[in-house]
Amino acid sequence: MRIAIIEDNVELAHGIAYRLRDRGHAVDALHDGEEADRFLAQEGADLVVLDINLPGMSGLDILRALRRRGDGTPVILLTARSETEERVAGLDAGADDYLTKPFEMDELEARLRALARRKDLVFSARDRLGGLVFDRSARQLLDGDRPLEIPRKEIATLECLFERRGRIVSKPQLMAHVYGTGADVEDSAIEPHVSRLRKRLETYGVRIKTARGLGYMLDVDGA
């Protein structure tokens, strides 16, 4: 699934994102309220983990805007405060659940699984990708029943492109997904991963196109 983590504590956001990516999910981490609101309006997600206290635009305002657009994406609110008023305000604004910081990652995952079941979402899945099967839960590409040996960073690159297939993905977006937002790595570091992945996938009817100066796009025969 594609999960949006909206949290201004970068270290916490990275920790959540790392755990969920390790479970096979595509994760977008955002740290500014206004940026997050634009992202949800334009890109969307299957589930949202949303901090209430954010710079630029509060989590409650983001949630209200989401619901005004008629978007029923499940949202779990994170808050450092446990007052009843704040929890009630969040639920009244359209939140599906809430979790007070500090929390255990196992509990967050359990709550996300519960939301996914409630909304009939698939928390892990296999998807056809040209002549391959992409097992996102196991983070593997399968040729029939045979898993291909693909390095972890190339799989992370594929996850990001796959979740946005048919659309251009910028280098900064890929970098944030593969290395984490704010990582001290040059944008050019993503190029070898894309190049090697492109060579691996070509024979299976999967192409990675380059949009010069803009980024990359995943294209699949028959899609």
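The dialogue below concerns the salt bridges of this structure.

Tutor: This is a predicted model, in which local features need pLDDT of at least 70, side-chain atom pairs count only at pLDDT 80 or more, and totals for chains, interfaces and linings use all residues. Residues are numbered from 1 along each chain as its sequence is written, and side-chain values use heavy atoms, with hydrogens and water left out.

Student: How many salt bridges are there by the rule applied here?

Tutor: A salt bridge is a side-chain nitrogen of Lys or Arg within 4 Å of a carboxyl oxygen of Asp or Glu. The count under this rule is 22 salt bridges.

Student: Which residue forms a salt bridge with E7?

Tutor: The partner of E7 is K101, with the closest N and O atoms 2.9 Å apart. This pair links distant parts of the chain, 94 residues apart: E7 lies in the loop between β1 (2-6) and α1 (10-22), and K101 in the loop between β5 (97-100) and α5 (105-118). Here helices (H or I, at least four residues) and strands (E, at least two) are DSSP runs, numbered from the N terminus.

Student: Are D28 and R164 buried or exposed?

Tutor: Buried means under 20% relative accessible area, exposed over 50%, and partly exposed in between (1.4 Å probe, protein chains only). Both D28 and R164 are buried. They form a salt bridge whose closest N and O atoms are 2.1 Å apart.

Student: Which residues are linked in a network of salt bridges?

Tutor: The network links R19, D22, R23, D106, E109 and R152.
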